[in-house]
Amino acid sequence: MTPYNPFSLDQRKYLVTGAASGIGKATSIILAKLGAALILADINEEGLKDTLRECGPGNIVLKLDLLESQLIKPKLMETVTGFGQIHGFVHLAGRPYIAPLKAVSETKCKEIFDINTYAAIELAKAFINKNIYAGERGSVVLVSSVYGIVGSAANVAYAMSKAALHGITKSLSIELAVKDIRVNCVAPGFVKTNMLDTANDMFDDNYAQTINKLHPLGLGEPEDVAFAIAYLLSDAAKWVTGSILNIDGGFTAQ
Ligand SMILES: NC(=O)c1ccc[n+]([C@@H]2O[C@H](COP(=O)([O-])OP(=O)(O)OC[C@H]3O[C@@H](n4cnc5c(N)ncnc54)[C@H](O)[C@@H]3O)[C@@H](O)[C@H]2O)c1
């Protein structure tokens, strides 16, 4: 008898963006352990090789620069030929942008928005194509941030890019329900990844302490977010759509 596991992703195929590092890497490894076959996408080819090695056989890599939005659909179309149609995607690729208001540049704002936010729309447009979507039990997970919910100084562009994902999640969940596609979003607090290291490097030691204190349960591990994403992809979440799930060690509970 097959062991009872409503969280199993056996026979499912997903695209993961941002798979080369941090939360994307941890998510890919956990989804693979749960039985999923993955298209691991990122701009960082070296990182992708590492993730592929840890995910094991049956998965493939896709070098994809999400700033080249016109290439998302053709590249995905080409990739699923051979790999097979997919059941959904997780959009984890993202970049921070810490800058006080006076220093915010329009060009950089647009770049952050294109990767963090607009790419989700292009990915969804490509995914619903009948040659790409497996046609049933579809699930999309977008990844925002506590800064899509609460404010913080010197963070307008990143906050904009993440708050906008919440609007996309809710609207797409309504539009795509008819296609049996659920759309949800996770909003992480601070997680120990390269992104956090970059922020820490920009400030003094007080910054790390201040950030730590904002989390009653302490900082997160990439796996803490990955498990929530795995749940949202699985049939255990078959009645969950349009949700924003805070995974933040209590940051936004205060
Ligand atoms: N680490 C945190 O504290 C934290 C908190 C809240 C939300 N998040 C979000 O989680 C997601 C993952 O963050 P992380 O901490 O793992 O960061 P990370 O920097 O480790 O990973 C981000 C990945 O995105 C990829 N990427 C960047 N630009 C790209 C592009 N143009 N095309 C394709 N791939 C591109 C990078 O190569 C990298 O592998 C991001 O969306 C981030 O905003 C992170």
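**Ligand contacts and a salt bridge**

Me: Which residue has a polar side-chain atom 2.6 Å from an oxygen atom of the ligand?
Reply: The model is predicted, so local features need pLDDT of at least 70 and side-chain atom pairs pLDDT 80 or more, while totals for chains, interfaces and linings use all residues. Residues are numbered from 1 along each chain as its sequence is written, and side-chain values use heavy atoms, without hydrogens and water. The pair counts as a polar contact (N or O atoms within 3.5 Å). The residue is Tyr 158.

Me: Which residue has a backbone N or O atom 2.8 Å from an oxygen atom of the ligand?
Reply: A polar backbone atom of Leu 92 is 3.1 Å from a ligand oxygen. The 2.8 Å distance belongs to the backbone of Ile 23.

Me: How much of the ligand's exposed area does the protein bury?
Reply: Taken alone, the ligand exposes 820 Å² (Shrake-Rupley, 1.4 Å probe). Of that area, the protein buries 92%.

Me: How many charged residues are in the shell around the ligand?
Reply: The ligand is surrounded by 28 residues (a heavy atom within 4 Å), with Ser 21, Asp 42, Tyr 158, Val 191 and Thr 193 the closest. By class, 15 are nonpolar and nine polar. The charged residues number four.

Me: How far apart in sequence are the parts tied together by Arg 12 and Asp 235?
Reply: The whole structure holds ten salt bridges (Lys or Arg side-chain nitrogen within 4 Å of an Asp or Glu carboxyl oxygen). In one, the side chains of Arg 12 and Asp 235 meet at 2.8 Å, N to O. Arg 12 lies in the segment before β1 (13–17) and Asp 235 in the loop between α8 (222–233) and β7 (244–247), so the parts they tie together are apart by 223 residues.

How values were computed:
Polar contact = N/O pair within 3.5 Å; in protein donor to acceptor, adjacent residues only side chain to side chain. Nonpolar A, V, L, I, M, F, W, Y, C, P; charged D, E, K, R; others polar. Helix = DSSP H or I, 4+ residues; strand = E, 2+ residues; numbered from the N terminus.
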